[in-house]
Amino acid sequence: MASINSVSLLSEAAFGCGHLATVMKGGQAAGQFKDSFIKANRALAPLGDSPAALLPSKSRFQSSALLRPRYICLSCSESCLSNERRAHTEKTGHQFYMDSRARNVYCQGCDDLVYDHELERLRSPAPEVSLKVSKRKIENSADELFVRSNASKRPCARQGVRGLWNLGQSCFMNVILQALLHDPILHAHFLGNGHQTQECTITDCVGCSVAEAFTEFNTTEKPESFVILNLLAATWRGSDALAGYRQQDAHEFYQFLVDKLHSSDDDHVDDYECPCFFHKTFHGKLRSTVTCDKCANVTKTEDPMVDLSLDVQVQAKKRAMGSGIGPSSTATLKGCLDSFTSPEHLMADAYNCDQCGTPQKATKQLRIKKLPAILCLQLKRYEHTFAVSEKVEGRIDFPLSLNMLPYTTNPDVRVDRSKYVYDLSTAVVHKGKLDAGHYYAYCRQGDQWVLFNDDRVTVASEAEVLNADAYLLFYSLRTLATAGS
């Protein structure tokens, strides 16, 4: 027989908050509240497997409210935006809402999301059965108290693989989002409540859309593909160049996404030394050194970087000029990085020496001053001239792990090289012509590689990944200590 103290504690542990406990113990009112909860939950259920069913009409698409979560009052079913909840509660006295995105319960009295295990049971396909179960007499109060006191009220997360529906030439978005979803650093950030969507007031917030995708990918019990409609809408509103149902460059979208995630962080500032999470994660720093061939005057400049664009044409030209690389040799990522950081000779008309006061020949060299936690490498497969634009085909060898120390400004050979080691997390491939084609991505899921081709998901071998004609490579820093000089 449980003591009075333990019964009191059991009552507290049984509900998400004190306000909810008052309602749930209210007899007839509790039954009505549960019925409203079930009704709201069913009304917010997905509209089917086809993404077309979720696409808004043209007129609805123009409304900024589409991108923001709505809150359904569990007393009168009225729909409110986050900034309208308080006024509705003050007017009606209703204080419980259901979030339209994750269908969590929001208590306006607590001004926070609350989790209640009994309400979660009502989400089952047969809620009538759950209601009967919830009313059973507890045979052993001590056992029930122990279970509830030691159980986490956070919904269990399920790690798996899910595809993304193509909403009309949106494969360029799908591959970049899959790269983010499978990066361990971002995975820990977003699943650790790194972006508070319920508190965000940014219109068309990309951070909210990405956080929503992480939640959908990891916490739902459904294995089928899902739709990233809010991210598509936020992208169209945020970039005229990326708007519309036509093929876009995945690399350009990645740069857009990084910029918008950075601006969505509460701690961000418009400075090269921004302290926010996304700046530290995506941004690095390049140092350019120009040395005058006549007086040896050195000019140094530093610029921010969110990726490295590597010219694969250099490899082809070296083979054609007989530089020791065999004609049948495959270009390598190491060779591209070596070319990127190798000295470049500048003619006098391209450099004016401050110390000499006249144009002089010079030597320019790029090195990485600071490495980001997530390193994106673009293998430049598009060549544009006045006469023609064409795509460079052909495989480029790339490794599963990469040591970036040789390409940095750090001259100390005694440095801990492990702090500069990156592991491949995603390889993005483009198939087709320059202005058309299709993107797909190979992503690491634990110890397994998976091919994501929009909504089609298949297991891939390591050999298949390494033989891919990659366009974008995403590497994650193995240890999170900052790499740089």
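Helix α13 (residues 250–264) comprises 15 residues and spans 21 Å from its first C-alpha to its last, close to the 21 Å expected at 1.5 Å a residue, where the expected span is 1.5 Å times one less than the number of residues and helices are DSSP runs (H or I, at least four residues) numbered from the N terminus. The model is a predicted one, in which local features need pLDDT of at least 70 and side-chain atom pairs count only at pLDDT 80 or more, whereas totals for chains, interfaces and linings use all residues. Residues are numbered from 1 along each chain as its sequence is written, and side-chain values use heavy atoms, with hydrogens and water left out.

Among the residues of α13 that are buried are F253, Y254, F256 and L257, buried meaning under 20% relative accessible area with a 1.4 Å probe and protein chains only. At the start of this helix, a side-chain oxygen of D249 comes to within 3.1 Å of the backbone nitrogen of H251.

Across the whole structure, 12 aromatic pairs are found, a pair being rings of Phe, Tyr or Trp (its six-membered ring) with centres within 6.5 Å. The rings of F278 and F282 are stacked (planes under 30 degrees apart), because their centres lie 6.3 Å apart and their planes meet at 10°. Both F278 and F282 are buried, and they are separated by about one helical turn because they stand 4 residues apart in helix α14 (residues 277–282). Ring pairs join F278 and F282 with F190, F214, Y254, F277 and F474 in a cluster.

The charged end of R85 sits over the ring of Y71, 4.4 Å from its centre, and also over the ring of Y106, 3.8 Å from the centre of that ring; the criterion is CZ of Arg or NZ of Lys within 6 Å of the ring centre and within 35 degrees of the ring normal.

How values were computed:
Phe/Tyr/Trp six-rings, centres within 6.5 Å; stacked < 30°, edge-to-face > 60°. Helix = DSSP H or I, 4+ residues; strand = E, 2+ residues; numbered from the N terminus. Buried < 20%, exposed > 50% of the residue type's maximum accessible area, 1.4 Å probe, protein only. Polar contact = N/O pair within 3.5 Å; in protein donor to acceptor, adjacent residues only side chain to side chain.
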